[in-house]
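Look over the sequence and the 3D structure below before reading on. The paragraphs that follow go from one chain as a whole to single residues.

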Amino acid sequence: MAGLLRLEVATPERMLLKENVRQAQVPAANGYLGILPEHAPLLAELGTGVLVYEMENGQKKWMTVIGGYVEVGPDRIRVLANRAESADEIDMARAQAALRRAEERILHPAPGVDIARALNAAERARARLEAAAHK
Amino acid sequence: MPSLIDIRRRIRSVKNTQQITRAMKMVASARLRRAQERVINARPYARMANELLQDVVAAAGPELVEKLPLLAVRPERRVQLVLITADRGLAGAFNSNLIKAAQQFLAERAGQEIELELVGRKGRDFFVKRPVRISGETTGISQSAGQNEAEQIGHKLIERFTAGEADAVYLLYNEFKSVLSQRVTVKRILPVEMPAAGAGREYIFEQPPMRMLEKLLPEFIVLQVLEAFLESAAAEQAARMTAMDAATSNAGEVINKLTLYMNRVRQASITREIIEVVSGASALE
């Protein structure tokens, strides 16, 4: 189909999405990648962030992606995420609590607290909140 | 000869057991459906991850890939065995087959130093009392295990392998073949056996292929652990369902036999009473 990309998002536990999209914005490890049809084949690591895609009818959707890989072909995007959740699935209260907890740990580190882990947790929570804001 | 009341009591007791086994069978078949779904849902990712791995291997160049630490084949002196059993019993030979296979594994490698990583209560209960080396245990997850649990155990295995605490890592679990058959499977996950390089399409790599591989391989191992968990969960429910189905029909047989026996006993006592009446009457003549 001209002008459309096949977007597939899978996690180890399930296939999350199979959708024809006009374009997608993927949170790669080195920053966001905007992908349109006829993109050159690309392989990249994913970071933690929000995947935004525009469906055939122009509607935009958001989902959280945490780690993994993305493979881009001329007419498809395959996202192999370690974890991914669509915006409707995200528990905002839980993400907010996680963010507060992580920030608390970063600002007032108790002995034995792993700062790197807290930073990661904060990043994950922020990505979830950002996606969930677009429910 | 047991009295009628005794037999009736036994029939009632068998019927109660049968009701329980029938209910357990129904629960198992409902859970089996869910577990099977999880196995099927996990398949697309596994397939795609395999393809991805092949592409990356092709790009990285097979000579370089062979030097990765997770591929290092060492003589197997210290071996790690991950035994995945169920948390609950009443599943036919599900757990005992696994435990037997584990003991056989230990016996076959008597010269090697084997450490067990136990997942599932049944395997733990068995080996905890025996003189074997145990590197760790995880219980209570046999039906709910997902990516988090697989990561935890997978990373531990990788750490032990890279630290030289284990020269090889094997998974021992029940593979879900069909509802009627589960197969005990031994699978080596470390050192990693590299899939052959793929067709090698011309990709732009955001990260150097070798660096990607270094991150991808651990995830590949976690994926295999997750697959084993999911397979085992489905196999457990299938085994329980078959076992409970057999138990239900066995109980039915026992009930039939007892009913027959009860009728015969009742008939005998009626006959005896008639004889008594008749002989009493004839004595008066």
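How many positive and negative side chains does chain A have, and how far apart do the centres of the two sets lie? Chain A has 18 positive and 18 negative side chains, with the two centres 5 Å apart. This is a predicted model.

The elements of chain A are two helices and six strands, and along the sequence they follow the pattern β-β-β-β-β-β-α-α. Along the principal axes, its C-alpha atoms fill a box of roughly 55 × 30 × 25 Å. Chain A has 135 residues, of which 49% count as buried. Its accessible surface is about 6700 Å², and carbon and sulfur atoms account for 47% of that surface.

Next come the nonpolar cores. The largest has 77 residues, and Phe229(B) and Leu190(B) are among those with the most contacts inside it. Elements of chain B that give two or more residues to this core include α1, β1 (78-84) and α6 (209-284). The most comes from α6(B), with 19 residues. A second, separate core has 25 residues, including Ala24(A) and Leu51(A).

Two residues of chain B can be followed in more detail. Beyond four places in sequence, Phe229(B) touches several residues, among them Ile84(B), Val119(B) and Ile153(B). Leu32(B) belongs to helix α1 (residues 4-60) of chain B. Is Leu32(B) buried or exposed? Its relative accessible area is 4%, under the 20% limit, so Leu32(B) counts as buried. Leaving aside neighbours within four places in sequence, Leu32(B) is in contact with residues including Phe176(B), Ala234(B) and Met241(B).

Methods:
Residues numbered from 1 in each chain as written. Chains lettered and ligands numbered in written order. Predicted model: local features only at pLDDT ≥ 70, side-chain atom pairs only at ≥ 80, totals over all residues. Heavy atoms only, no water. Helix = DSSP H or I, 4+ residues; strand = E, 2+ residues; numbered from the N terminus. Buried < 20%, exposed > 50% of the residue type's maximum accessible area, 1.4 Å probe, protein only. Contact = heavy atoms within 4.5 Å. Core = buried A, V, L, I, M, F, W, Y, C linked by side-chain atoms within 4.5 Å. Areas by Shrake-Rupley, 256 points an atom, 1.4 Å probe, with all protein chains shown as cover. Lys, Arg positive; Asp, Glu negative; His and termini not counted. Charge placed at Lys NZ, Arg CZ, Asp CG, Glu CD.
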